[in-house]
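Reader: Hi! Could you walk me through this model before I start turning it around on my screen?

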Amino acid sequence: MALSALDLFSIGIGPSSSHTVGPMRAARSFVEELERERKFDAVDRVHAGLFGSLGATGRGHGSDKAVILGFMGESPETVDTLTADNVVNEATKAGKILLAGRRMITFNRTKDVVLHLRKSLPAHPNGMRFHAFDNQGTVLSERVYYSVGGGFVVDENDVGNSHPETIQLPYPFSNAQDLLAHCKREDLSISDIMLANESAWRSEEETRAQLMHIWETMKECVSRGCSRSEEHLPGNLMVRRRAPRLLADLQAKDDTSDPLRAVDWVNLFALAVNEENATGGRVVTAPTNGAAGIIPAVLHYYMMFTPGATEESVIRFLLTAAAIGVLFKQNASISGAEVGCQGEVGSACSMAAGALCEILGGTPQQVENAAEIGIEHNLGLTCDPVGGLVQIPCIERNAMASNKAINAARISLRGDGVHHVSLDTAIKTMRETGADMKSKYKETSRGGLAVNVIAC
C-alpha cells in the first residue's frame with residue numbers, strides 16, 4: 001500500500017497513537033459502518049471489548065475514553081482536548097451517549113467498554129471487537145478492528161491481505177535500496193522523490209500547505225507544553241512537569257559560552273511535546289504519539305541554531321522524514337505493542353536523523369547512513385510504560401533520542417555515505433528483534449521498569 005507523508009504525520013490527541021487515536025478512529029468507523037448498512041436507527045446499545053496491549057494498558061492510555069468519544073462521532077483531529085474528559089464523565093454519569101452526535105442510546109461504561117487484561121485477538125496485539133444491539137438485545141453488527149501503530153486502523157478483513165496497488169507513484173519504492181536508486185538515476189534528493197510521489201494524492205501547493213500546517217501544529221504543541229501551569233502530569237505517578245521550569249531557566253541563563261547549550265534546548269522541545277501528549281493534548285503523530293517529541297525537537301533545533309533556515313527547509317525535513325518512516329511502516333512496524341519501543345522511538349530517531357542530514361546538505365547516501373545510525377542504536381528498546389502511562393520512561397526517552405538523532409546526522413555528514421550496515425538491514429533486524437522480544441516488553445506494563453518501579 002502506498003503511503004503519503006500525511007499518513008505518517010497526522011494531527012491527533014494524546015497520549016497514544018495506537019491506544020488513543022486508533023481506538024477513537026475504530027469506534028467512529030464502526031458507527032459509520034452502521035449508518036452505511038442502514039442499521040443505525042435500530043441501535044439501542046453498543047459494546048466494545050479491548051484486547052491484548054489495549055486491554056493491559058488501556059486505562060493509562062485513555063483507550064476506554066477514546067472509544068466512547070469515537071462512538072459519539074468525535075475524531076482525533078478535531079475533538080476538543082480541553083473538554084473531552086468532561087464529555088466522557090458526563091456520559092458515564094448519565095448512563096447515556098449520543099451515538100454519532102445525534103442518537104441517544106443507553107450506556108453503561110463498566111459493562112459496555114471492557115478491557116480484557118489477559119485475552120488477545122489473533123492478528124495483532126491491539127485488537128478491538130465492537131457489537132451493536134437493538135432494543136431486544138439482538139446483535140445488529142459485529143466487527144473486529146486492529147490499531148496497528150501510528151493511528152492506523154484496519155478491520156479483520158484487511159489484515160494480511162495483499163491489495164493490488166491503486167495509487168500509481170512516479171517513484172515507487174519498497175526499501176531504501178529502491179529509494180537510493182531513484183535518487184541516483186534521476187539526480188534527485190530523497191525529499192524530491194517524496195514530493196513527486198505526493199502528487200499522486202494532491203497538488204504540490206496543497207502538499208506544501210499541509211506540511212506547513214503540520215509544522216505550525218508542532219510549534220503550538222511546544223508552546224503549550226512550555227506554558228502549562230499545572231505542576232504535575234495527570235495520573236497517579238504524580239510526575240512533575242519540567243518544560244515550563246526548564247524554559248524559564250534557559251531564558252534567564254542564556255549562556256552562549258556553554259558549548260552544549262543547544263542540548264538543553266533540544267531537551268526542552270522534546271519534553272514540552274511529550275508532556276503535552278501525556279496530558280491528552282493536541283499533538284502531531286510523528287510517526288506515533290509515544291515518540292511525538294523527537295521530530296519536532298530536531299526540527300526546532302535546526303530552525304533555532306541554523307542561520308538562514310527557511311520554510312523550504314521545514315518542508316524538505318518533513319518529506320525526508322516521511323520517506324524513511326514509510327520504510328519502517330512497510331517493512332517492520334511502528335507499533336510498540338508489536339515490536340517494542342524500538343518501533344516508536346527508534347523509528348522516529350531514524351526519521352529525524354535522516355531528515356536533519358538532508359537539510360544540512362547531506363547526499364542521499366549520507367541521509368540513508370544517518371537514518372541507519374538512528375535505528376541501529378535503538379535496536380532492542382523495550383516498551384515498558386510505568387503504570388500504563390505514557391510518562392516514564394517515555395518522556396525522557398524522546399529527549400535522549402532527539403539528541404541521538406542530531407549526533408547521527410553529524411556523524412554521517414563527516415563521512416561520505418559509505419558504511420557497512422544498510423538501513424534496510426537495520427530495519428529487518430528491528431523487525432526480527434521485535435518478533436523475538438517477550439510480550440511483557442511490548443506495551444503491556446508487565447516487564448522492565450513497569451514492574452520494578454512502584455506506581456503509587
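This is a predicted model: local features need pLDDT of at least 70, side-chain atom pairs count only at pLDDT 80 or more; totals for chains, interfaces and linings use all residues.

Author: Happy to; we can go through the domains, the cores, some helix packing and a few backbone details.

Reader: Good to know. Which domains is the chain divided into?

Author: Domain 1 covers 5-158 and domain 2 covers 176-441. Their C-alpha centres lie 28 Å apart.

Reader: And how many residues does the contact take from domain 1 and from domain 2?

Author: Domain 1 puts in 31 residues and domain 2 puts in 39 residues.

Reader: Let's go inside. How many residues are in the largest nonpolar core, and which have the most contacts inside it?

Author: That core has 102 residues, and the ones with the most contacts inside it are Phe9, Ile295, Phe317, Leu318 and Leu356. Helix α13, residues 311-331, is the biggest giver, with 12 residues.

Reader: Where does this core lie relative to domain 1 and domain 2?

Author: Between them, because both domain 1 and domain 2 give residues to this core.

Reader: What does Ile295 touch?

Author: Leaving out residues up to four places away in sequence, Ile295 touches Phe9, Met218, Ala286, Phe317, Leu318, Ala321, Ala348, Met351 and Ala352. Two of those, Phe317 and Leu318, are also on the list of residues with the most contacts inside the core.

Reader: What other core lies apart from the largest one?

Author: There is another core of 35 residues, and Leu69, Phe71, Ala132 and Tyr145 are among them.

Reader: Switching to helices: at what angle do α9 and α12 pack?

Author: Helix α9 (residues 204-227) and helix α12 (residues 294-305) pack at about 95 degrees, and their axes are 10 Å apart. An angle from 65 to 115 degrees counts as roughly perpendicular, so α9 is roughly perpendicular to α12.

Reader: Which residues make that contact?

Author: From α9 they are Trp215, Met218, Lys219 and Val222, and from α12 they are Ile295, Pro296, Leu299, His300 and Met303. By class, the contact has seven nonpolar, one polar and one charged residues.

Reader: Nice link. Is α8 mostly covered or mostly open?

Author: Mostly covered, with seven of its nine residues buried. The buried ones are Ile190, Ser191, Ile193, Met194, Leu195, Asn197 and Glu198. The elements covering them include α1 (5-8), α7, α9, α13, α15 (345-359) and α16 (364-376).

Reader: Now single residues. Is Asn126 buried or exposed?

Author: Buried: Asn126 has 0% relative accessibility, and under 20% counts as buried. Asn126 lies in strand β6, residues 126-133. Not counting residues up to four places away in sequence, Asn126 touches Ser18, His19, Phe51, Ser53, Leu54, Tyr145, Tyr146, Ser147, Ser335 and Ala337.

Reader: And what about Ile97, where does that one lie?

Author: Ile97 lies in strand β3, residues 96-99, and at 0% relative accessibility Ile97 counts as buried too. Setting aside neighbours within four places in sequence, Ile97 is in contact with Val46, Ile68, Phe71, Met72, Ala91, Arg103, Met104, Ile105 and Phe107.

Reader: How many residues apart in sequence are Ile97 and Met72?

Author: They are 25 residues apart in sequence, while their C-alpha atoms are 6.7 Å apart in space.

Reader: Last topic, the backbone. Which peptide bonds are cis?

Author: One is from Gly14 to Pro15, with omega near 10 degrees. Another joins Ala286 and Pro287, with omega about -10 degrees. Pro15 lies in the loop between β1 (10-13) and α2 (17-36), and Pro287 lies in the loop between β9 (282-285) and α12.

Reader: Which residues have a positive phi without being glycine?

Author: Arg38 is one, with phi near 60 degrees, and Asp187 is another, with phi about 55 degrees. Most residues other than glycine have a negative phi.

Reader: Where are Arg38 and Asp187 found?

Author: Arg38 is found in the loop between α2 and β2 (45-52), and Asp187 in the loop between α7 (176-186) and α8 (190-198).

Reader: Are they buried or exposed?

Author: Arg38 is exposed, with a relative accessible area of 78%. Asp187, at 70% relative accessibility, counts as exposed as well.

Note on methods. Residues are numbered from 1 along each chain as its sequence is written. Side-chain values use heavy atoms; hydrogens and water are left out. A nonpolar core is a set of buried Ala, Val, Leu, Ile, Met, Phe, Trp, Tyr and Cys residues joined through side-chain atoms within 4.5 Å. Buried means under 20% relative accessible area, exposed over 50%, partly exposed in between (1.4 Å probe, protein chains only). Helices (H or I, at least four residues) and strands (E, at least two) are DSSP runs, numbered from the N terminus. Domain bounds come from an automatic or database domain assignment. Contact means heavy atoms within 4.5 Å. Axes are lines fitted to C-alpha atoms, for helices over the stretch in contact, and angles run from 0 to 180 degrees between N-to-C directions. Angles under 35 degrees count as roughly parallel, over 145 as roughly antiparallel, 65 to 115 as roughly perpendicular and the rest as oblique. Ala, Val, Leu, Ile, Met, Phe, Trp, Tyr, Cys and Pro count as nonpolar, Asp, Glu, Lys and Arg as charged, and the others, Gly among them, as polar.
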